[in-house]
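Work through the exercises below with the sequence and the model open side by side, and try each task before reading its solution.

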Amino acid sequence: MTAKKKHPQKSRQRTLTDGSFAAMRFAIGREIESASFYNKYQSLAIAVRTRLMDRWLETEKRYRETDAKRVYYLSLEFLMGRTLQNSILNLDIEEEAREAVRQMGMVLEDVYEEEHDAGLGNGGLGRLAACFLDSMATLNIPAKGYGIRYEYGIFNQLIKDGFQVEKPDYWLFRGNPWETPRVERMQRVRFYGHTRPYTDEDGKYRVDWVETDEIYALPHEIPIPGYHTETVNLLTLWSVRAGDEFNLEYFNHGDYLKAVEQQTADENISKVLYPNDNIAAGKELRLKQEYFFASASLQEILDSYLREHNDVSHLPDHVAIQLNDTHPAIAIPEMMHLLMDEHNFTWETAWDLTIRTFAYTNHTLLPEALETWEVGLLERLLPRHLEIIYEINRRFLADVSKAFPNDTDMVRRLSIIEEGTPRRVRMAHLAVVGSHSVNGVAALHTRLLKESLLKDFYRLWPEKFNNKTNGVTQRRWLKQANPALSRLISEHIGDGWVTNLDALQKLLEKADDSAFRDNWHTAKEMNKMVLAQEIKEALQIEVDSASMFDVQVKRIHEYKRQLLNALGVAARYFRIKSNPGRDCVARTVIIGGKAAPGYYMAKLIIKLINDIGKLINNDPDTSRLLKLIFLPNYGVSLAERIFPASDLSEQISTAGMEASGTGNMKFALNGALTIGTLDGANIEIRDAVGEENIFIFGMNDREVMEKKRDGYNPWDYYNQNSELRRTLDAIHEGIFSPDEPERFSPVFDSLLRGGDPYMILADFTSYTECQDRVDDCYRNTNEWTRKSIINVAKMGYFSSDRTIREYAEDIWKVNPVGP
């Protein structure tokens with residue numbers, strides 16, 4: 001009898017040291033002795049990625065075996081930051097990683113610094129998407145993100161003579177060890193051409209999209225590990241590969257550049273994050289980007305579905321697609337095109353499948369920020385999709401007319417097509433009409449969507465609307481970014497908070513413990529010293545780490561009101577100058593953020609901040625008590641050092657204009673107290689921490705609307721407030737710009753002659769009075785620290801884990817699939 005053959009045991013997982021040394025030799029082709037610091041980062045990254053891919057294969061196997069419903073998160077931005085440290089944290093292999101790099105002659109923190117931030121986003125939208133990916137993997141949600149693999153991320157910001165200067169961010173210049181290109185899964189994406197209707201053999205009306213230009217989308221897969229779970233999901237980023245053909249006529253005549261000119265133009269689609277859309281070529285390129293990634297993603301989603309299922313008619317039972325803002329909304333007519341023209345579904349069936357599959361998240365309350373496209377551009381670039389949009393609109397408006405008979409104004413307001421010169425397609429309207437769920441991202445934001453921006457849609461479909469307040473991942477923004485505070489918290493309440501942020505409530509018992517408060521304060525002071533050293537190295541400015549670190553870091557935009565902050569600092573400066581003996585709380589005011597390259601006023605505000613800072617920081621009468629710092633090139637990695645060091649978080653947008661904000665959550669999670677308006681998620685933070693533990697000022701959203709309606713006159717505030725008048729006159733007269741006295745006249749004119757659209761002057765007095773209350777509180781270190789502890793303890797609701805659970809249960813109807 002032949003003995004039964006034994007299957008070999010699964011080999012023991014090699015150590016990170018062995019994996020790193022093997023990667024150095026066989027993948028990178030270096031001996032340790034001759035390897036650069038970056039080579040050592042690469043080798044460790046490859047060894048970590050090997051473990052991630054092994055877990056991903058097992059994760060995919062579980063998903064297939066359970067026939068799990070999957071979530072696909074479509075976002076034009078993913079602001080991932082660095083991957084190595086986050087992967088090591090989530091895999092719980094820090095000690096093993098330290099040993100591996102020690103044997104290569106380095107320390108782990110230096111290896112982390114070798115990684116370039118993946119800056120594939122402009123700000124909060126992309127960072128939210130990254131937090132969501134982390135939470136989906138940690139919660140074992142079957143999910144995948146889809147975006148674009150931009151060769152150039154958000155620009156690097158330099159400050160030269162106080163002005164913002166943009167430099168390209170070629171983040172891929174040394175490669176990306178985390179991605180796997182999948183050539184075998186490239187998708188064909190088409191543009192231009194024309195449509196040709198016909199009747200098929202069954203007598204059904206069909207449409208062909210013919211004589212198109214073709215490019216190919218190459219997927220690059222990046223593993224996303226959950227925290228202390230076996231689940232690894234994927235982020236797929238698409239890059240362009242031009243079609244195979246080039247112009248042989250030009251080539252044969254020796255004009256090789258001309259021969260490949262079109263291929264080069266095609267590849268620009270995935271070249272740059274958000275091209276300037278102020279010119280026609282920029283508009284076309286941006287629309288191409290949106291369609292390119294939407295089409296490639298939907299094709300792959302359908303291919304993946306059909307590998308496991310025979311019938312697309314059950315798609316919504318197995319697939320949920322979330323649109324992260326309006327940028328991916330072109331996916332709705334693309335799905336209709338694929339279902340009808342490729343899979344031969346009738347309009348009625350295709351539309352039912354589309355609506356039940358898609359859900360839409362709105363991220364803005366600013367009407368001018370809602371994306372629209374000229375009909376003529378769509379007609380030329382995507383003729384089939386414009387036909388589909390017209391038909392969606394025709395059927396939709398017929399339903400509107402039935403629901404609201406004889407209300408032609410309602411029909412006009414709801415139409416996907418905005419009449420005018422030129423006619424435009426309203427992408428937010430398309431997203432609402434083509435989705436089964438529409439959500440805002442904070443309670444106030446969702447209320448304002450229902451009451452103003454999308455109120456007519458809410459009247460028509462109240463059941464579609466729901467709120468999903470944003471959240472942040474505590475793994476990156478507390479455990480990784482703030483090890484000193486994280487260790488203190490875990491020593492006293494355990495580390496359950498890392499996966500259940502509500503566990504931070506246990507800290508309330510410690511708020512009145514003087515020894516714990518002292519340790520809490522020490523952790524904050526350590527973080528402030530680290531940031532103070534970074535400021536000194538970057539800007540050659542010494543700041544006092546014992547001063548209050550008063551911080552506002554976010555995209556520079558007038559509605560976010562960095563200008564209000566700057567005016568407040570200037571007013572404080574004049575107070576100190578006029579009363580040198582006054583008892584003042586020493587402050588270091590830190591502002592950071594990037595202005596869009598074409599946004600003149602935002603860039604001028606950066607210059608104003610720097611000019612005010614130049615005067616204050618070099619004035620011996622004030623520099624001991626007040627410093628104003630503009631930290632250049634704000635991004636994820638810099639944010640990880642700023643949030644832990646902050647005492648005061650400035651969340652001062654005009655009420656009713658910020659959808660949610662997530663920086664406010666990251667500051668509070670790291671123990672900063674908030675000074676803010678009743679805007680975005682500030683309201684929910686106030687409700688969570690208590691009014692006595694936050695500093696609220698200014699008008700609420702309804703008061704802003706009433707003041708505008710009743711005729712707001714900023715000159716009234718200028719004339720009534722001598723401190724405000726002195727500050728504005730100083731700006732107007734060139735006190736901060738003696739080399740060019742009229743430099744900031746546009747700022748003065750915008751505030752007074754331009755009507756002050758963001759109500760800065762109306763809120764100025766309330767803001768400065770609130771800052772006085774902040775000073776009074778900060779003088780009492782024990783009370784300030786107590787409030788800081790309470791803020792952290794009450795942050796449980798603001799975890800992205802909670803947000804994702806709500807999406808999964810209420811919108812996607814998906815279940816976790818764990819090992």
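On a 1 Å grid over the protein atoms alone, a cavity is a set of points where a 1.4 Å probe fits but cannot get out, a pocket is an open set with protein on both sides within 12 Å along at least five of seven lines, and lining residues have an atom within 4 Å of a point. Grid points are joined across faces, edges and corners, and a volume is the space filled by probe spheres set on the points.

This is a predicted model, in which local features need pLDDT of at least 70 and side-chain atom pairs count only at pLDDT 80 or more, while totals for chains, interfaces and linings use all residues. Residues are numbered from 1 along each chain as its sequence is written, and side-chain values use heavy atoms, with hydrogens and water left out.

**Exercise 1.** Describe the second largest cavity and its lining.

Step 1: the second largest cavity holds about 120 Å³ of space. Step 2: its lining consists of 15 residues, and G568, V569, R572, T768 and Q771 lie nearest the centre. Step 3: two or more lining residues come from each of helix 23 (562-578), strand 21 (587-592) and helix 32 (760-778), where helices (H or I, at least four residues) and strands (E, at least two) are DSSP runs numbered from the N terminus. Step 4: helix 23 gives the largest share, six residues. Step 5: the lining divides into four nonpolar, four polar and seven charged residues, with Ala, Val, Leu, Ile, Met, Phe, Trp, Tyr, Cys and Pro counted as nonpolar, Asp, Glu, Lys and Arg as charged, and the others, Gly among them, as polar.

**Exercise 2.** Characterise the largest cavity.

Step 1: about 350 Å³ of space lies in the largest cavity. Step 2: of the 32 residues that line this cavity, M80, G81, R82, T83 and E115 are the closest to its centre. Step 3: by class, the lining has 16 nonpolar, nine polar and seven charged residues.
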